Every structure is written in structure tokens, then in C-alpha cells.
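Hi,

Here is the structure I promised to pass on. Have a look at it first, and then read my notes below.

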Amino acid sequence: MRSPTGRYPRSLAGQVFALQVAVVVLLVTAAMLALVVESRRDSSAEARDRCVAVAQTFAHSPGLLTALKAPDPSAVLQPLTEAGRKAAGVDFIVVMDTKGIRYTHPRPELIGKRAVATIAPALAGHVYTETVNGPLGREAQAIVPVHDHAQVVALVAAGMKVENVTGAVARQIPIILGAGAIALGLATSGTALVARRLRRQTHRLGPAEMNRMYEHHDAVLHAVREGVLIVSKDGRLLLANDEARRLLDLPLDAEGRRISDLSGLDPGMLELLTSGRAATDEVHLAGSRLLAVNQRPTDRHGGPQGTVATLRDSTELRTLSGRAENARERLRLLYDAGLGIGTTLDVVRTADELTEIAVPRLADFATVDLAELVLHGDEPTSADTDMRRTAVRGIRDDHPLYELGQLINFLPSTPQAQAFATGRPELVPDLAAAPGWLAQDPERTRTIVEYGIHSLITVPLQARGVILGMANFWRSEKPQPFEEDDLSLAEELVARAAVSIDNARRYTREHVMAVTLQRSLLPRALPEQSALDVAHRYLPALSGVSGDWFDVIPLSGSRVALVVGDVVGHGLHAAATMGRLRTAVHNFSTLDFPPDEILRHLDDLVGRIDQEKAETTADAGITGATCLYAIYDPVSRHCAMARAGHPPPALVRPDGSVSFPDLPAGPPLGLGGMPFETAELEVAEGTQFVLYTDGLIEDRTRDIDVGIELLRQALAGHPDRSPEESCQAVLDALLPGRPKDDVALLIARTRAMRPDHVADWDVPFDPAAVAGMRAAVAEKVDDWGLSELTFTTELLLSELITNAIRYGSAPVTVRLLRDRTLTCEVADSSSTSPHLRDAAAMDEGGRGLFLVARLAERWGTRYTSQGKVIWAEMSLPPSDGSAESTAWSDILDTEL
């Protein structure tokens, strides 16, 4: 086909233009016809809806029924229908009776005649529309019934002439034609522009020429033995020939995707293809191939922006590529080993990290065997050849190697023993042909060979000239045995791991020493007492030791002191300071000081410790400590508490509710100069005291308020749970893993002393009252079934009451307590304290307290807000009567 001028053959662009113009004309014509039909349909629908609305409105007008009942309905309705017709824009409104006889019509001569309408649907109560040939011509009308009490009494018809309806459509046709012409013009212009651009891009080539060019292009592109890639300006792959797909292992849907989204490309190749820069014979990896890549931009001669790259497989560089890859993998392995080995100061974890790095990059299986002493932090000796399997890792878990934790004694002929003796690594290329290794455990070694493990490298873990153990690397998947390059890599890898293991060993030794010291300073067993049911937990920190401690100290009068404290800092100094404070608490408790006095004395002690530290070292920092001290009395069920910068205790009441008493906080110990306050609480029997250190509730990942709330939730709702169970529940809820700080937890459930085990008397302030008190006390002791202690108790009370009357002041009271011991207490309102002294032979006094000290197991004085109490305890006789009672002959023989 040729153009009309015959100068150029009809181009593809011209054919496309003609086709597009024809399509546009057809589309515009169809659109115009559719608009006309749609306009006609919309006009008819609008006219019908208007007729229905007018007829319904008139049929429901208020005065219609009244007018129909008039003597002459036409005279009333005719003016109304005419006015409504003109106002509504319809051509007629006709009111007719149920037989179709008109009452009204725009042409009065037709009134009284039958209307041209189908009235049956309307008589049935329906609205009916139709088109009829009426008096006005072709009419479209709507017929609506008029109801009177659910009965159709008349009909109303409203309508328009069809020519008026179609006239509105005819008036719209010029607009539609004009819009269609404009659309046709715009579409034709756009088509012309597109055709012009297409003509320029196809260089006026016809379909035959373009088809031939594409065939040549396709033949060259797919037949050439070089890969070809065309990449757009935005980094999308536009074309890839068969060779490029093979060399780069591209997926089938690679074309059209971004280069950066294609997986498997080497980072260097990816950077080159996405950069758009020119390149000449650059060498890049593609899987196992080395490719020489050339790249040039595509817009040098007016083409679109982008790049074209050619790829050539450089087979002569494959050997060099393999060596470079091995070197790079070796460096990467050593780099990862520097980052991944020795992340913790734990011997076992460090050994396991070595196997994680080695498998599968160096070996298929890796094991680490350490001397038993290394695991305990000690330095091994050359005579200690037994090894404990500390780490095992492999590509499969069903291997027949020695199990984790097994103690192994390597025979002298094995590579492990030889490496241990010489300190040099051993390479066994073929395990099946190594009799020295096979002799270690013939059955197991045969199973290992049958499993497929065929080559071994064993390297001693050596640090500071000491061999800590052995690292073994096994190969099974690769058929080639280990080589010298593998041996040197394993040796370098193990050398790095050995330093980390030795550091972890030394840390383990120091940590074990510190933990041992700390545990030796903590209570090994709780003392016997009847006031509290106690359970405790102590968890050392993951690393280092701290100064947390707790104590349960029996006091006079069946009372018990609960103590929890925490020394600031970590290490041996904190543990030693904790031991000094714990000893001091015991000494101060022996003096029966109240809690605030105890804390005041501890505050002075911590200040002196800090001063000693500042004088002997360059560190002048404050040692500091926190402490909570509580005294529970099972007789009165009162608890006195004071705290120095310590978290408040939790109280679990018998109903399961939990509260944290608002105790005066007080400053931490060691600040000096600040007072401490004691708070008094009355608690019900069965209440649990929960004392703890801050390591339980504080953590870097949560606020202290969150920890307090977690503790409340762990304790609440379990009133019947024992202290032991409560301890475990609290630790499970707040410390699911190993704590980062020491944790001391003490939970004690209160008991109350039975009322019949307590006896009280008020003593008249008269020496003559002593005899009566002796009789009353003797009777009570006999009632308790302790007749063996009657005489001793009488003698003790006689001396104590006499001293109180002679040297004290009124009032004087006496109390007997039957608990694990029999306690005699004499209270008066003076603050003078008796002192035991050695009376001379001619002295008249000074022997009473000597008798008390000889007869009682313990005795002492405690001060109260009303005065003082002198107490003495006597052991209860065993139930079998085999008790060793006080030897009265010894007392009588003593020189008084």
C-alpha cells in the first residue's frame, strides 16, 4: 500500500493513524446516539413521573371528596383542574367517575363524555400509566384512584402530549452534536500527535520492514554467546538474552523488575548495574563464575536513557576466583570469630560459641573438650589428661561422637593426646586409616567412620603456655579431607577462642571465690523459734557478687527480729562489708535495742568503714548500705519496723490482700546525722511479712513501680500458701531468668502465743510481796507440768523481784512465758540496769545476779518506753525426763 502521493509507502504510523481516526469516529458517533437515546429515555421518565405526582397530588387534595359530592361537580372542579394544570406544567388534568365519565377537561365540550383511558387498574386501587391517542393527540397519562374510606369513588388522570416530551429531547440534540464534534476534534488531534510520534520512532518503516528488523534483532540477541542486559534509567531490567539469563541465573519473570529486587546477584554486580556508569572488562562474581562485564549508556545517539551491559564468562580466571573466594571466606570467618567468641565470661558458653562459628563453615562437626579443673575456674596441670566434653555441634544431631558432658580419657596414641603432649595441632586426613585414633574406642570409632566422618583436625586450646583443652573439627559431607590451609585456619580460630576461654576461667575462679565468701557470710540455717514460720531465698547475680543479706534473730520474750540489707556496690569489698554489718546487727540485737537504735548504730559503723576505706585507698567514695529491721512479738502481735533507704515490706493479710506499710523511709546507712523512726504495727495471726532487696523489683527494663505491682500480684489472693510456696511464686513472677543483681527474699508468717502460755502479775512495791509471788509462780509452773523447774523459777524470780523493789521504782510486774524455753520477766519503771559482779567473801550483796546467771540459760535487760525488763530463760526439761538439770551441789559448793 502506498501513500496518495506515491512518494513513500504507507508507513505503520500512517496505518495506525487511519485506524485510530476510524475508531474515534465510531466511538464519538456511538456516544452521540447513546446520549440521544438516554436523553429521550430520561425525558419520558421525567414526564411520566411528573404526571404521576400531579395526579396523586390532586387525588389527595382536601376538598376533592367534597366537590365530588356537590350537585354539580364539574362547576367546582373545572376551575381547579385548569389552575393546577397550568401550575404543574402538564397538558391536562381530568377528574372522572368510576365509569370513566369526565368531570373536567381542558376542552369543556368533552366534559360528560367517556375518557380515553384504561381505568381497570385504577379502580383496583393502583396507579397506572399509559400512552393513548386522546383528544389532544398522542398523550402520555397517569391515572390515580380517589379513595373514600378505602373505596374508590373517582379517578384523576394527568398527562402530557408526547410531542411536548420529545420536543425537550429535540432541543438537546444541538448541544449533544456540538459536544460530539468537539470530542471528535480533540480525539483526532490527539491521534494525530500520537501517530506523528510513532512515525518518528519507527522512522517511517512499514510493517514488513519492522518485522524483518525484529527477526534479525531476535536472531542476533539469542544466538550470541555473550550475555546482554538493557537496564532503564530507573533501574528496571528491560531485556535479558538467553546467555545473560544463564550466566546470572535470572528467573523467568526478571524482565520488568528492578535490578535491586533480583535475588542472587553479587553485591558488586548489583552495584554496577544500578549505578549506570561506564565499565570495561570489570570482573565480578556470579555464583561459581567470574564474569567480565562491559557497560555503556544508551543515550549517546539520541536513544532513551539507560545502560546496556555485555557479560562474558572468563573461564581462564576460575582458579584465581576460587583462591580469592577462599581467602575472603577465611577472613570473614576470622572476623566473625572475633565478634562472636567471648561475648560472655562463661567458659561453657564460650566453648559453644567456638563450635557455632566453625559449623558448617569450617567443619561439619565440632567438639570442645576441656580439663575438669578449667570448668571450675582452676588452671589445669600437665598430668591431668582427662577431658570433659563441653560443647558439641554439627550439621545433624544423630552423630555418634561422644555426648555432651562425658568425661573422656584419651589414649596416648590418639591425635588428641599427641596434640596435648606437644602443644601442636594434628591433622588426620583419613580416620579409617589411623590406628592410633581407632584404638581409643574401637566400637565407637568404627561407628563414626561408618557414619561418614572421614577427616579430623584437633587443635589444643592453649593460653599463656597452658593447655586448657582440645578443639576437634570433623568433616563428613565434603569427600575431600582437610588440608593444610584448613589446619592453619583452625589453629588461628582456636587461638582466639583459647584467650576468651582462659579469661572466662579466671573470671569463674574469682566469681566462685566471691560467691563462696558471700554464702559463708549468710545464714546457713535459720534458728529455731516459735513466733514465725520463715522461708528464704538468695540468688547471686549473673556476674559478680553484691552485699545483699538477710537474718532471723531470736530475741528475749519469744520475740524475733527480721533483717534484710543491701550494701552498695559489687565485689569482695561489698561482700566483706556485708559480713561486718551482719555481725554488728547480731551484736546490737543482743542488747535488745529498738529498730531505730539498731539502724543508728549501723549508720555509725558504715560511716567508720567508709572512713577506713578512704584512709587506706585513693577511693574516697561512700560505701553506703540499706537495711530494714523488724521485731515481731507473738504475745502482743505487735511489729516494730524501721528502714534506712530500703524498699518497704509487703504484708499479706489472712484474707489474701496485700499492702505496703507507709514506713518512714530514713536515709541510707553511711550518710550520718539523720534520724531513723520506728513504726508500730498490729498484725493478725497468719499475716505474712515479705522482706526483699531491690534486685527483686528493680530492672533496667522496668520501673520500680512496675516491680512493686508485679510483687503485689504474685502475693495477692493466696492466703493459705506457705512461705516456701510464696517464695517460689514471687521468683517465678518477677525473675523468670538469671538476675542481674543479687536478690534476697525473706517471707515470714506470724504465729501468736497461746493465752494460756502467758501469765502476768502486778507486784506490790513491798519486799513482803516476794513470798506471795513465789507461791503464785510456783503454782503456775506446776499447772504447766514443769514441776522440775519450780524451785529454780522461784529462786530466779525471788532475786529479780527483790532487785526491782530495792533498786527500781514502781510499778513492778512479772510475766512468765512458756515457749521453747520458760522465760521469767520482771519489769519496773526505772532505767537503771543491774550488772553482774564478783562479790568478795565479806560482801553482803552482789550474789543475786550471780545466782541468776548460774541458774538461767540466758538472761539480760531490755529497755522500754516505760522503763526496763530484766529477763531470764530456762530450758524446758525433755519429755523423757533425761534432762541434765542444774547441779545444785555445784551451785552450793561455789564460793559465794
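A residue is called buried here when its relative accessible area is under 20%. Please keep in mind that this is a predicted model.

Let me begin with helix H16, residues 572-590. Its 19 residues reach 27 Å from the first C-alpha to the last, close to the 27 Å expected at 1.5 Å a residue. The buried residues of H16 include Leu 581, Val 585 and Phe 588, and also Arg 582 and Ser 589. After H16 comes Asp 592, with a positive phi near 60°.

Next, the sheet. Five strands form an open sheet in the order E6-E5-E9-E8-E7, and their pairing is antiparallel. Strands E6 (237-240) and E7 (279-286) each have a single partner strand, so one side of each is left without a neighbour in the sheet. From one strand to the next, the twist averages 25°. Within this sheet, strand E5 (residues 227-232) is joined to strand E9 (residues 306-313) by six bridges, and Ile 230 has Val 308 as its bridge partner in E9. Helix H8 (residues 267-275) packs on the sheet and touches E5, E7, E8 and E9, with its direction at about 10° to that of E8.

Finally, a look at strand E23 (residues 679-682). In a regular strand, side chains alternate between the two faces of the sheet. On E23, Ala 679 and Leu 681 make up the covered face, while Glu 680 and Glu 682 are on the uncovered one. Strand E20 (residues 638-644) runs antiparallel to E23 and is joined to it by four bridges; Ala 679 is the bridge partner of Met 641.

Best wishes

Note on methods. Residues numbered from 1 in each chain as written. Predicted model: local features only at pLDDT ≥ 70, side-chain atom pairs only at ≥ 80, totals over all residues. Heavy atoms only, no water. Buried < 20%, exposed > 50% of the residue type's maximum accessible area, 1.4 Å probe, protein only. Helix = DSSP H or I, 4+ residues; strand = E, 2+ residues; numbered from the N terminus. Pairing = 2+ DSSP bridges. Expected span 1.5 Å × (residues − 1). Axes fitted to C-alpha atoms, helices over the stretch in contact; angles between N-to-C directions. Contact = heavy atoms within 4.5 Å.
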